[in-house]
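These notebook entries record what I looked up in one structure.

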Amino acid sequence: MAKCFSFTESRNQCYRYSFSHSGLKSSTVDLGDGTVMHCWVPKSHKPIKPNLCLIHGIGANAMWQWADFISPLISKFNVYVPDLLFFGDSYTTRSERSESFQAQCVMRLMEAHSVEKLTVVGISYGGFVAYSMAAQFEEKVERVVLICAGVCMEEKDMDEGMFQVKSADEASEILFPQRPEKMRQLLKLTFYKPPKTIPSCFATDYIDVMCTEYLQERKELIQALHKARKMSDLPKITQPTLIIWGEHDQVFPIELAHRLKRHLGENAELKIIKNVGHAINIEKPKEMYKLMKAFLIDQLPKSKQAIHNNDRKAD
């Protein structure tokens, strides 16, 4: 019998309405090489505002991970929220799976929307992409926010027991659950205080809607992220960078936050949020936004702050 109601699809519809109501519109760009990128973009781009690109993680699409942050940010920035390749409506027929290629595609997408300078914010896997954008396009990326993004991990870290999982394949089975018990395992891994119970019908519905498309390609993203990764190969980005981490992150342990801070030195500041795991954007969205605001808005020169305030009044 056909399913008559999907809680997950209903949430998708609510998020679409919320994004649209906030002043964004859905846009799809064909990059011309077998790659198509979807992005939420401003309905009305305002040249007086700086540009901000929010990059989601591996767990869901752009809407699910950034819904709580659009309204406060859109009054201050031209906000762009892309779906990475193999999430939402973005895909490629090419074989590349690296975060470097993801970064190139996001930047080409931004260029298609006439965005020349921007700040990038990336959460988890999105932080790997944001970091790569900052490294590859130093003249275009002005500031960087990395949230629970283990860009400093090395392949040997997994062998040495740093992570809860023992291999990239095991990580993929949890990150892209195909059974309710794996969904529960994902919540336990990513939340400091996971839900005590989740009915199998809700877990199955979420899996059917969010975790079945491009499954093999997504697994290849994880494999590419982990394989032969070395600190010696990681470039040192020069943009002002804010690192935000959950005190009890089990996906990317907090040691990686300190490792990244040491790698970037004085260009970076590290902020640790207490009593939260990897899913900061869900468990502690207010605390996460407060740190983002302090870095992205409050540290601006007074002249630019005045522009923000005047533009907000005009809105």
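Contact here means heavy atoms within 4.5 Å. I note that this is a predicted model, in which local features need pLDDT of at least 70 and side-chain atom pairs count only at pLDDT 80 or more, while totals for chains, interfaces and linings use all residues. Residues are numbered from 1 along each chain as its sequence is written, and side-chain values use heavy atoms, with hydrogens and water left out. Threonine 241 lies in strand 8, residues 241-246. Helices (H or I, at least four residues) and strands (E, at least two) are DSSP runs, numbered from the N terminus. I recorded threonine 241 as buried because its relative accessible area is 1%. Buried means under 20% relative accessible area, exposed over 50%, and partly exposed in between, with a 1.4 Å probe and protein chains only.

I found alanine 168 in helix 7, residues 168-175. Alanine 168 counts as buried because its relative accessibility is 11%. Not counting residues up to four places away in sequence, alanine 168 touches Met158, Ile222, Gln223 and His226. I also checked lysine 156, twelve residues from alanine 168 along the chain; their C-alpha atoms are separated by 12 Å.

How are helix 7 and helix 8 oriented to each other? They pack at an angle of about 100 degrees, with their axes 8 Å apart, and are therefore roughly perpendicular. Axes are lines fitted to C-alpha atoms, for helices over the stretch in contact, and angles run from 0 to 180 degrees between N-to-C directions. Angles under 35 degrees count as roughly parallel, over 145 as roughly antiparallel, 65 to 115 as roughly perpendicular and the rest as oblique. Glu173, Ile174 and Leu175 of helix 7 meet Lys182, Gln185, Leu186 and Leu189 of helix 8. I then examined helix 8 with helix 9, whose axes come within 9 Å and cross at roughly 90 degrees. On the helix 8 side the contact is made by Pro180, Met183 and Arg184, and on the helix 9 side by Ser200, Ala203, Thr204, Tyr206 and Ile207.

I searched the whole structure and found one cavity of 30 Å³ or more. On a 1 Å grid over the protein atoms alone, a cavity is a set of points where a 1.4 Å probe fits but cannot get out, and a pocket is an open set with protein on both sides within 12 Å along at least five of seven lines; lining residues have an atom within 4 Å of a point. Grid points are joined across faces, edges and corners, and a volume is the space filled by probe spheres set on the points. The largest cavity holds about 270 Å³ of space. Among its 18 lining residues, Ala171, Leu175, Ile222, Val251 and Phe252 lie nearest its centre. Helix 7 and helix 10 (215-226) each supply at least two residues of this lining.

I noted about 820 Å³ of space in the largest pocket. Its lining has 33 residues, with Trp64, Leu187, Phe191, Tyr206 and Ile282 nearest its centre.
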